[in-house]
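Please look at the sequence and the structure shown here, and then read the report that follows.

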Amino acid sequence: MPKRYVVFKWVIYAAATFLLLQVQTWALDYVELWGVTPFLAPMLVGVVSSYEGSLAGPLFALVFGVLCDLGTVSPASAFFTFIFTAAALAAALMAEHLFSPGFLCSLASTTVCYVITALGRLALLGSGAWEAGAFLALREFLVTLPLLLVVFPVYRWVHNKTTIEY
Amino acid sequence: MKRFLTKHGILVLSAATAVAVVLSLVSFFSSNTDLLTNIVHTISAPFRSASAAVSEWVGDNMRFAEEFDALKEENEALKLEIAKMEEQLRQAEADSDENQRLRKLLDLREQQRDLKMESARIIQRDASNWASTLTLSAGTDFGVEIGDCVITESGYLVGIITEAGSNWSTCNTVIDTDFSMGAMIFRTGDVGVAAGDFNLMQEGRLQLNYLDADAAPQVGDLVVTSGLGGYYPSQLVIGYIREVMTDDDGLAQYAVLRPAVEIDGLQQVFVVKDFTVVE
């Protein structure tokens with residue numbers, strides 16, 4: 001694929017991601033359901049990885065993780081950088097070998113990303129808080145999951161518009 | 001699987017590890033907030049301010065209609081409360097005069113309480129569900145430093161500054177798991193450590209730990225900062241005791257506190273940049 005198409009594709013992906021993060025900042029941050037606020041970031045990593053495969057997906061997750069670590073309150077230094085990259089690798093691996101790209105694939109990838117993110121968070125908590133942490137992670141996942149109906153079409157559109165078969 | 005890992009996995013994970021190490025080193029060797037974090041936050045601060053302003057405006061307008069009747073009732077109740085407090089104030093003024101006279105008689109230093117503050121707006125709340133932090137609109141340009149206390153206009157403790165950039169700062173609230181501060185039960189003078197706890201954070205509560213076994217905390221007791229060590233000002237209101245418990249070993253007690261401040265409703269706070277307290 002020519003270099004300019006690659007650049008164009010990732011500029012559009014970045015714009016779509018920025019747009020979805022605005023939804024988080026302007027709307028979701030003020031919503032509380034079942035005691036939790038929806039948290040989109042792992043879903044964005046999961047859906048992009050399901051479309052972009054085992055190299056581009058994790059590289060997107062790496063850059064996205066660095067920005068999350070620098071721009072938000074991270075539970076540990078470089079937490080999102082490492083967790084999102086690992087989650088994207090696992091999601092892309094599953095997407096490449098078990099599913100063909102589509103909603104089901106994105107759903108499975110998203111689930112994997114939330115599980116790995118939750119495991120990372122639980123590892124940082126003391127063992128006394130694992131039960132509460134696991135319950136919180138489950139609620140966070142379930143409350144955010146319906147938003148896949150918004151995130152998935154956005155990235156599918158970007159993927160379809162920017163992918164040229166050679 | 002093996003081909004996948006050797007083809008891309010190891011490469012990408014190595015890149016992630018390298019980036020993580022660089023970020024950790026930059027963070028470790030920065031005495032204040034590191035340069036990269038400062039740049040990202042400084043660029044995004046105006047957007048966060050705009051978002052907070054719009055959300056506040058929308059929220060205020062939505063609440064206005066539904067809260068009008070409640071506000072009328074609250075207004076009546078507050079009028080009664082003001083009348084009671086005016087009476088208490090008159091008594092307090094008389095007590096204060098007496099206190100000054102007695103201090104002079106005993107040749108004690110005059111009580112002094114001088115807090116140098118900086119006003120700040122809340123421009124973002126942490127939305128990760130795993131921490132309780134606020135991003136404030138004031139930073140090092142205004143003299144805000146890591147470790148400064150953040151309070152409300154009523155002197156209720158909101159939290160502590162944990163990161164500070166040029167035009168922004170991050171405050172860990174009193175219920176955050178990283179929060180810890182010397183505290184005192186106002187009625188009895190018993191001291192302990194007020195600290196956030198992950199299980200209690202979900203309920204908007206915190207703990208008062210390391211109380212002596214012979215301490216006598218009661219439900220409803222006011223808990224304030226102890227100011228021991230002089231690192232933080234004393235007498236800032238942390239919260240009220242909701243439950244008193246005994247440790248598993250039975251040697252020490254701890255209490256569950258309800259913070260005095262309503263973190264969700266906060267819009268403006270004050271950062272204590274410097275203080276002089278003479279008890």
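## Where the two chains meet

In this predicted model, the contact between the chains is made by 31 residues from chain B and 35 residues from chain A. On the side of chain B that touches chain A, three helices each supply at least two residues, and these are α1 (2-28), α2 (35-106) and α3 (198-201) of chain B. The largest share of that side comes from α1(B), which provides 12 residues. When the residues on the side of chain B that touches chain A are sorted by class, 14 are nonpolar, 15 are polar and 2 are charged.

## One residue at the contact

B:Ser51 has its place in helix α2 of chain B, and, leaving aside residues up to four places away in sequence, B:Ser51 touches A:Thr25 and A:Trp26.

Is B:Ser51 buried, partly exposed or exposed? B:Ser51 counts as partly exposed because 19 other C-beta atoms lie within 10 Å, whereas a residue is called buried if there are 20 or more. Between B:Ser51 and B:Ala194 there are 143 residues in sequence and 33 Å in space, taken from C-alpha to C-alpha.

## The domains of chain B

Chain B is divided into domain 1, which covers 48-110, and domain 2, which covers 117-279. Taken over C-alpha atoms, the centres of domain 1 of chain B and domain 2 of chain B are separated by 20 Å.

The contact between these two domains takes 5 residues from domain 1 of chain B and 8 residues from domain 2 of chain B. On the side of domain 1 of chain B that touches domain 2 of chain B, the classes are 1 nonpolar, 1 polar and 3 charged residues.

## Two helices that cross in chain A

Two packed helices are described by the angle between their axes and the distance between the axes. In chain A, the axes of helix α2 (residues 41-71) and helix α6 (residues 148-162) come within 10 Å and cross at roughly 35 degrees, and the crossing of α2(A) and α6(A) is right-handed.

Which residues meet where α2(A) and α6(A) are in contact? From α2(A) come A:Met43, A:Leu44, A:Val47, A:Val48 and A:Tyr51, and these meet A:Leu148, A:Val151, A:Phe152, A:Tyr155 and A:His159 in α6(A). By class, the residues of the contact of α2(A) with α6(A) divide into 9 nonpolar and 1 polar, with no charged residue.

Note on methods. Residues are numbered from 1 along each chain as its sequence is written. Chains are lettered from A and ligands numbered from 1 in the order in which they are written. This is a predicted model: local features need pLDDT of at least 70, side-chain atom pairs count only at pLDDT 80 or more; totals for chains, interfaces and linings use all residues. Two residues are in contact if their C-beta atoms, placed from the backbone, lie within 7 Å. Helices (H or I, at least four residues) and strands (E, at least two) are DSSP runs, numbered from the N terminus. Ala, Val, Leu, Ile, Met, Phe, Trp, Tyr, Cys and Pro count as nonpolar, Asp, Glu, Lys and Arg as charged, and the others, Gly among them, as polar. Domain bounds come from an automatic or database domain assignment. A residue is buried if 20 or more other C-beta atoms lie within 10 Å of its own, exposed if 12 or fewer, and partly exposed in between; C-beta atoms are placed from the backbone. Axes are lines fitted to C-alpha atoms, for helices over the stretch in contact, and angles run from 0 to 180 degrees between N-to-C directions. A crossing is left-handed if the near helix is turned anticlockwise from the far one by less than a right angle, and right-handed if clockwise.
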